[in-house]
Amino acid sequence: MSASSPPAPRDNLRIRGERLWDSLMEMAAIGPGLRGGNNRQTLTDSDREARLLFARWCEEAGLTLAVDQMGTMFARREGADPDALPVMLGSHLDTQPTGGRFDGVLGVLGALEVVRTLNDLGIRTRRPIEVVNWTDEEGARFAPAMVASGVYAGAYGLDWAYGRTDAEGKTLGAELERIGFKGEEPVGARKAHAYLELHIEQGPILEDEGIDIGVVTHGQGLRWIEVTLTGKEAHTGSTPMPKRVNAGLGAARIIELVDRIAWSHAPLGVGAVGRLDISPNSRNIIPGKAVFTVDFRHPDLAVLRAMEAELREGAAAIAQEMGLGLAIDDVQGFDPVAFDPALLESIRDAAGRLGYSHRDIVSGAGHDACWMNKVVPSAMIFCPCVDGLSHNEDEAITPEWAAAGTEVLLHAAIETAGIV
């Protein structure tokens, strides 16, 4: 360690795991799902209730709360140097319609537990620490995902984000106003020294290998590609097989192609079709139209581009052979992310100092940290989740996993912010 490096936190600094778990369970009571998970979609009344609870906890912890024009909440613990840029810690409180209790929420409440622990121990950091709750990370109600952090990073415009609509035609901007969380602070005006995000893995690797902590070195690049096939609607009973122009069959063949492409680039390459609309969706009509979205991911940009090129070429060949009209449109995408090496090393050091097993890992999902990394050094910490299950009400973690990830976050945050 150089003479200018901040001292590392002592290895006996620990959080109060029971307090963290109690907070997670209290938050999970807001917007309950049907079988133990959560349906707390962004900018709903349940989201408002969760935000108000979080705001109360922040106030009780002595934090100063600010809200930007996208509704993102920043809860600040002052440092010894008020002019120093803060270390931001956070994630999101919104969920999928059938979401779990920990996806995103652990990152927000784990960050709050870091602050509570600093308060308990009377530790003063040189840099301020800010706990962040990003708006609309999931993208379940207002697409795309990670929209507020995307606006913060300059990837999306504010007016464009306000114009996103849900299934009922309600706009994101109007719903922000309705729940009272359309702040006045310009998005992106609040700068940061670094950003750290704790999250459940949302995959099976850590649990399968018995590893406590995932050090997230990269975020996979993503491409969402909408494919529209146009055929001819016809009676299923009276139309001879050679006369059919079946958009549903074309969709099936392209979906199989997507699977083959993903397998050919495994294990890091993945792909699937998660949304498919068949028209007119009648039992006795040959589909005249099929619209579906392909999701490809890979941490290497060249490979991701190759996967997309294979899809476009293969889909065109299938459509031509079957006499189908074809349109391919880009829905959303971002390039692979390489997280900050110095922050990654601080996470590895923290895990080792605390006696937790750890390994480098690539995130298969998108996170707010992926956008933040475009504008500020960022890194992520993963803890295991049972069977790798997420975006599902049965999503589960243990109190011990939650505590371990939060303790690593605590130590990495202290090392990054510096101790007075």
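1. R297 is buried in this predicted model, because its relative accessible area is 15% and the limit for buried is under 20%. The residue sits in strand β11, which covers residues 289-298. The side chain of R297 makes a polar contact of 2.9 Å with the side chain of D295. Leaving aside residues up to four places away in sequence, R297 touches Q220, G221, L222, W224, L268, G269, V270, L304, M307, G364, A365 and G366.

2. H199 is another buried residue, with a relative accessible area of 1%. Its place is in strand β5. The side chain of H199 has a polar contact of 3.0 Å with the side chain of D103. A polar atom of the H199 side chain also lies 3.3 Å from the backbone nitrogen of G104. Both D103 and G104 are on the list of residues that H199 touches, not counting those up to four places away in sequence. As for A84, its C-alpha is 26 Å from that of H199, and the two residues are 115 apart in sequence.

3. Helix α1 (residues 17-28) packs with helix α2 (residues 45-60) at an angle of about 150°, and the axes are 10 Å apart. The two helices are therefore roughly antiparallel, since angles over 145 degrees are counted that way. On the α1 side the contact is made by S23, E26 and M27. On the α2 side the residues are A50, L53, F54, R56 and W57. Sorted by class, this contact has five nonpolar residues, one polar residue and two charged residues.

4. How many salt bridges does a search of the whole structure find? The number is 29. One of them joins E113 and R19, with the closest N and O atoms 2.8 Å apart. E113 belongs to helix α3 (residues 105-121) and R19 to helix α1, so the pair ties together parts that are 94 residues apart in sequence. Both of these residues are buried.

5. Another salt bridge is formed by the side chains of E130 and R190, at 2.8 Å from N to O. E130 lies in strand β4 (residues 129-134), while R190 lies in the loop between α6 (172-178) and β5 (194-200). The pair links distant parts of the chain, 60 residues apart. E130 and R190 are both buried.

6. The side chains of E209 and R359 also meet in a salt bridge, with an N to O distance of 2.9 Å. This pair links distant parts of the chain too: E209 is in helix α7 (residues 205-209), R359 is in strand β14 (residues 358-363), and they are 150 residues apart. Are these two residues buried or partly exposed? E209 counts as partly exposed because its relative accessibility is 46%. R359 is partly exposed as well, with a relative accessible area of 27%.

7. Salt bridges can also be followed from one residue to the next. Five residues are linked in a network of salt bridges: D45, R141, D166, E175 and R178.

Key
Residues are numbered from 1 along each chain as its sequence is written. This is a predicted model: local features need pLDDT of at least 70, side-chain atom pairs count only at pLDDT 80 or more; totals for chains, interfaces and linings use all residues. Side-chain values use heavy atoms; hydrogens and water are left out. Axes are lines fitted to C-alpha atoms, for helices over the stretch in contact, and angles run from 0 to 180 degrees between N-to-C directions. Helices (H or I, at least four residues) and strands (E, at least two) are DSSP runs, numbered from the N terminus. Angles under 35 degrees count as roughly parallel, over 145 as roughly antiparallel, 65 to 115 as roughly perpendicular and the rest as oblique. Contact means heavy atoms within 4.5 Å. Ala, Val, Leu, Ile, Met, Phe, Trp, Tyr, Cys and Pro count as nonpolar, Asp, Glu, Lys and Arg as charged, and the others, Gly among them, as polar. Buried means under 20% relative accessible area, exposed over 50%, partly exposed in between (1.4 Å probe, protein chains only). A polar contact is a pair of N or O atoms within 3.5 Å; within protein, one must be able to donate a hydrogen and the other to accept it, and residues adjacent in sequence count only if both atoms are side-chain atoms. A salt bridge is a side-chain nitrogen of Lys or Arg within 4 Å of a carboxyl oxygen of Asp or Glu.
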